[in-house]
Amino acid sequence: MTFNILHGRSPERSEVDIAIFADAIKSLDADVLALQEVDRNQVRSGRADLTAVAADAMGADHHLFVAALAGSPGATWTAATGEEQPDSAAYGIALLSRFPVTSWEVVRLPVVPGPAPMRFPGRRLPSLVREEPRVAMAATIDAPLGTLTVANTHLSFLPWWHGHQLRTLVRALQATPRPLLLTGDLNMGAAKAARVSGLTPLGEPSATFPVESPTAQLDHVLADGFDGTARASVRQLPVSDHLALVIDLE
């Protein structure tokens, strides 16, 4: 499963209820779960380690949080380097597995150099925005289907940049064990994700955003070397502005 959790809250609430978040993750009953927009030690999410909360809720003994940004929003918000203290305030992605993970890999993706132009609906001219750093992670998992690699990422919202990041990530994962399942919030549609990555989308297309009336699939599971069957479904939960994308593999 892949799920952009909006740092554990719903669009209607300004604060995170950790019990509601934990119950939502538990209800998914995932074997392998990729999370994006994950907080660690942030005031807005009760200074909780959301990765640890999710791992406890789903019974995942193997899990890793990777920071894309260090510090707190509106204060000391800087690009993470991987050298941060284990309990420092951060924001990023996480991957959790009930099955043994034999190795981890972290890939820091190309960063937009400076403010970038972005067109917004209803505006004639583009606006300059500052894009945040992006990161990816991959786990080699000893699963019932055999050894496989699961990668998780959250790509740029800039339509002329996220394709570059996706191609970079696919190249970085060339030597990882197959099957490869590349998952996450890619901020692009299924057709573009397949074309840019050269990988195969699993399951039928499923809109995941916005949660109130989904019209776009931003969240994906793409495969290389998987020859089984895959069924896709979505789940609406009491947290996040995204639906969770569920892929059942056989």
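**Figure 1. A cavity inside the predicted model.** Searching the whole structure turns up 1 cavity of 30 Å³ or more. What counts as a cavity here: on a 1 Å grid over the protein atoms alone, it is a set of points where a 1.4 Å probe fits but cannot get out. The largest cavity holds about 60 Å³ of space; a volume is the space filled by probe spheres set on the points, with grid points joined across faces, edges and corners. Its lining residues, meaning those with an atom within 4 Å of a point, are Glu37, Ala68, Tyr91, Gly92, Ile93, Glu132, Pro133, Arg134, Val135 and His154. Strand β5 (residues 90-97) gives the most to this lining, with 3 residues. Helices (H or I, at least four residues) and strands (E, at least two) are DSSP runs, numbered from the N terminus. Before you move on, note that this is a predicted model, in which local features need pLDDT of at least 70 and side-chain atom pairs count only at pLDDT 80 or more, while totals for chains, interfaces and linings use all residues. Residues are numbered from 1 along each chain as its sequence is written, and side-chain values use heavy atoms, with hydrogens and water left out.

**Figure 2. The largest pocket.** A pocket, unlike a cavity, is an open set of points, with protein on both sides within 12 Å along at least five of seven lines. The largest pocket contains about 480 Å³ of space. It is lined by 25 residues, and Met1, Asp31, Val32, Ile247 and Leu249 are the closest to its centre. Two or more lining residues come from each of β2, β9 (135-143), β10 (146-154), β11 (180-185) and β15. Which element gives the largest share of the lining? That is β15, with 4 residues.

Figure 3. Look for Phe21, Ala22, Ala24, Ile25 and Leu28, which are buried in helix α1 (residues 18-28). Buried means under 20% relative accessible area, exposed over 50% and partly exposed in between (1.4 Å probe, protein chains only). Seen down the axis of α1, the buried residues fall within an arc of 160°, so they line one face of the helix; the arc is that of the directions from the helix axis to the C-beta atoms. They pack against β1 (2-4), β2 (32-40), α2 (50-58), β14 (230-235) and β15 (244-249). On the other side of α1, you can find Asp23 and Lys26, both exposed. Lys26 counts as exposed because its relative accessibility is 57%.

Figure 4. At the N-terminal end, Asp17 caps the helix, with a side-chain oxygen 3.0 Å from the backbone nitrogen of Ala19. This is a polar contact, a pair of N or O atoms within 3.5 Å; within protein, one must be able to donate a hydrogen and the other to accept it, and residues adjacent in sequence count only if both atoms are side-chain atoms. After α1 comes Asp29, with a positive phi near 55°.

**Figure 5. Helix α4 and Ser197.** Helix α4 (residues 190-197) has Ala193, Val196 and Ser197 as its buried residues. Down the axis of α4, these fall within an arc of 85°, so they line one face of the helix. Among the elements covering them are α3 (162-172) and β13 (219-224). Ala191 and Arg195 are exposed on the other side of α4. Ser197 counts as buried because its relative accessible area is 8%. A polar atom of the Ser197 side chain lies 2.6 Å from the backbone oxygen of Ala193, and the backbone nitrogen of Leu199 lies 3.0 Å from a polar atom of that side chain. Leaving aside neighbours within four places in sequence, Ser197 is in contact (heavy atoms within 4.5 Å) with Leu166, Val170 and Leu222. Just after α4, Gly198 has a positive phi of about 75°.

**Figure 6. A pair of tryptophans.** Rings of Phe, Tyr and Trp (its six-membered ring) pair if their centres lie within 6.5 Å; planes under 30 degrees apart count as stacked, over 60 as edge-to-face and the rest as tilted. By this rule there is 1 aromatic pair. Trp160 and Trp161 form this edge-to-face pair, 6.0 Å centre to centre and with 75° between the planes. Is Trp161 buried or exposed? Trp161 is buried, at 15% relative accessibility, whereas Trp160 is partly exposed, at 45%.
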